[in-house]
Amino acid sequence: MNISYVEKTDSFWIETENTTYVIGLADGCYPGHVYYGKKLSGETRNTLDPRSVLRLTELPFSPAEKPGEKVTFLDTFPSEYPCGGIGDYRESAIELTDARGFTGCEFKYESYAISKKKQELRGLPQTFGKNSMTLTLRLADHLLKAELLLSYTIFSDSDAIIRSTRLINRSVGPLYIEKIYSASVDPDWNGEPCEMLSMYGTWADERHIDRKPLRHGRQYVTSTRGITGHQSQPFLAVVSPQTTQESGDVYAMHLIYSGNHVAGAELDPFDHVRMFIGISGEKFRWKLDSGESFQTPEAVLLYSAEGLGGMTRRLHDLYRSHLIRSPYLHKDRPILINNWEATYFDFDEEKLLNIAREAAECGIEMLVMDDGWFGHRDGDDSSLGDWTVYEKKLPNGLKSLVDRVNALGMKFGIWMEPEMISPDSDLYRKHPDYTLQIPGRIPSQSRNQYVLDLSRPEVVDRVWQQIEVILSSANIEYMKWDMNRPLADLGSAVVEADRVGELAHRYMLGVYELQERLTERFPDLLLENCAGGGSRFDPGMLYYSPQIWCSDDTDALERLIIQEGTAMLYPLSTMGAHVSICPNHIVGRTTSWSMRGSVALAGTFGYELDITSLDEKEKGYITDQIAVFNRFRALIREGDYYRIASTAQNHTHDCIQIVSKDRRESLAVYVQTKAIPNARTRRICLKGLEEGGTYAVDTVIDGKEFDGEDVEFQAEHTGSELMNSGIMLPALPGDGRVIRIHLRLR
C-alpha cells in the first residue's frame, strides 16, 4: 500500500497490493486518468510518460500548446473529474449554477495532500480502518470562488479505492449544485469491445444479473424512488467479453448510499469509456450558501484481473473489514422464526407464545413479532406512526410477552416501520404536515401509507422518541426495520422554494441519523434492515446493520437466482435467508425441505412459517436443518465465496462453494433444480483449495430432510484433482435435489 507524488512526471500513484492507479496533470492543472489496472513495477514510475498516455502530444494537444482548441481538448481528455458546461460533452461529474443563473464550472488543480488517516464523513455511512492512506487533490474554480476536494483512500488489506468529493463555496453568494458525483473514471480499453454488467429486478424478484455489450452513447442504472429500489442496484461494472468467474478484466463501481443514485458508462466515438457513479442528478438541486460545503457519499472502485469471482471476494472482504460495524459481524446470530407468514395480522399473545414454544423445542433461538402489534392495526390501513402496544392483541403489555418468551430460553425481536405514517393514525390527525407532500395536492398513497418528512429535524426527533421508548421497555434484542414504499410527492410543508431539490437527499440523511442514534443508544441490538423485501439492499445500510432482508420471495428456486446476484456483491452473512412453508406464499411452488434448507443455508438462516401446524416429521426436518447450519455457520459467515454454477444461466443446476481463509475446510452446495431425461453424471470443478493438499470429502445427498433418505459417501482427493479434474456428481430423479460436499484438509 502506497500513495506518492512523482515530481518528474507530475503524476500521482495509488498502489494497492495488486493494482496501480495513476493520475497525471495536463498543463499542471487538468487532472487526467492515466492508468488503472494490474500493479505496475516500481521502475515504471520513471518510465511511464503521462503526457503520452493522456495523448497530450497529439491533436488536439493541450490548451497550453494550442489555446484555440480547448473545447476539442476537453471533449476527448480522460478527465479525472469532468466538469460540465465548458466543452466536455460526455457525462460530467459536476454541474453548478451561479447566482446569476449561469451554468458552467472549471475546476483546476491547486495542490495535494497525502495522509495516513482517513477523513470521517459527517452524517453518511462510510468505510473505516486505521491502516489506510488518503490522497486529497484540491481543485479550484476561481471565477466561482469554489473549491473541490477529490479524496482517494486505500487500506493495507484491500485492493479497493474509496473515492468521494467535497465541494466548498468560498464566494459571498450561493451556488446551486445541479449534479455532483462521487467518482468518475475513464479506463482505456484501447478500442477493444467491452460489456456493461449491472442488476435489475422488481418486488420479490430483485438483483438479476444483466450483462450486455456496451454500445456507443450513455447507458445508465438509476433510481429516483428515494431508495435503492427493487429495480436497481447502485453498482456498475465494465468487463471484457471473455471475462468469467475465474479470469478477465473487471472495472467495478459501488456506491455507499441508500437513496437516489445513478451509475453509468459511456462509450464515445473514439471507443473511449467513461464510468461514473453518484447521487442521481434528476430531481436534485442543492443550494450551497457561502461558507457551506457538500459531501458526496463514498464510492468503491475496484479492478480485478481475476474475473468476477476476484471482484466478489475483494468486495466481501472490504465490507466485512471496513464497512460493517456491528458487534455481530463475527458472532453467531440467533436462528429466528418470524410470525408474518404464519399469522399475518391475525395474532395475539397466546398464538405468539405457542409459536415460540414449538420453535424452542426444535432449536430455534429467537421469536420475531412482525407487523400488527401496535396502534389498532388489524390490516395495512392504519396505525403507522403510533408506536404504542395494541392492547387487544397484547393485553399484558410488551414486557410481559418478552419475559415469557425469554423464559422459554428464546430471544425476542420486533418489527417496526419508522419512516411511515398511516392516514388513520393519531400522529397524522395531529400532524398531517409531517408527511412528504406538495402543498395543495393530495399525496399519493402506497400500501395505504404516506412517508414521513424526515428532512425535518423535529420529525426525526419525534420518530426517535417512539423507537427509544419501545426498545427500552423490554428485553428486545433484534429489530427488523422495514420501509414498504418509495418516495413520491417530493414536497414539504416547511421547505423553501429554492431548496425543494434537496428533499430526497435530506430525507436519506434523516434516515441515517435515526439509524446512527439507534446503534449508539442500543449497541448490542441486532438490526436487520428491510424495505418491502430487498428494496434497500445496499452498502449504505450495511454500515448500520450487519444483515438485510434479501427478498420477500422465499421460494427456494427463485431465491437461488436472487441470492446469486446479491452474493456477487455482498457477503453471505449479510443476506437474510429463511425457510418458508409450501406451497410458497409468493409463487405457489412446492419444493423439498432439503432444497429450502440448503438454499437458506447461504445466509443468516431462519424460518417464515407456522410451526404449530407442522407434524412431527416436518419438525424433525427443522431440527436437522438447524444442526447442519450450526455445523457450518462460522464457515459460511467468514469464508471466501465461489460461484461454481448458475441455474439462472443453465436452467438445470446451481452450485456455490465456501472456502475457509486458511483453505483447510470447504462446503459446496449443489442443487439439481431440474431433472432432465437420459442424464449423465455431472462434473463439478471446485475452487480455492490447496493444490497440493489432500482433502477428505464427505458427500451427502439430500440429508435427512428428504423423506428420511440419508445417502453419504466418503473419499479422499487432492486439491488439484478437485479443482481441475473435478468431482463427479450423480444425476438424480426429481427436481430440487441437493448434494452437500464437505471438504477437510488432511
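**Exercise 1. Decide whether Cys 530 is buried or exposed, and whether it takes part in a disulfide.**

Cys 530 has a relative accessibility of 4% and therefore counts as buried, where buried means under 20% relative accessible area, exposed over 50% and partly exposed in between, with a 1.4 Å probe and protein chains only. A disulfide is taken as a pair of cysteine sulfur atoms within 2.5 Å; the cysteine sulfur nearest to Cys 530 belongs to Cys 550 and is 10 Å away, and Cys 530 is in no disulfide. The structure as a whole holds 0 disulfides.

This is a predicted model, in which local features need pLDDT of at least 70 and side-chain atom pairs count only at pLDDT 80 or more, while totals for chains, interfaces and linings use all residues. Residues are numbered from 1 along each chain as its sequence is written, and side-chain values use heavy atoms, with hydrogens and water left out.

**Exercise 2. Work out which strands stand at the edges of the open sheet of 9 strands.**

Strands (E, at least two residues) and helices (H or I, at least four) are DSSP runs numbered from the N terminus, and two strands pair if DSSP finds at least two bridges between them. The order is S29-S28-S27-S26-S23-S22-S21-S31-S30, with parallel pairing. S29 (575–576) and S30 (579–580) each have a single partner strand, so one side of each is left without a neighbour in the sheet. Within the sheet, S23 (residues 411–416) is joined to S26 (residues 478–481) by 4 bridges, and Ile 414 stands opposite Met 479 in S26.
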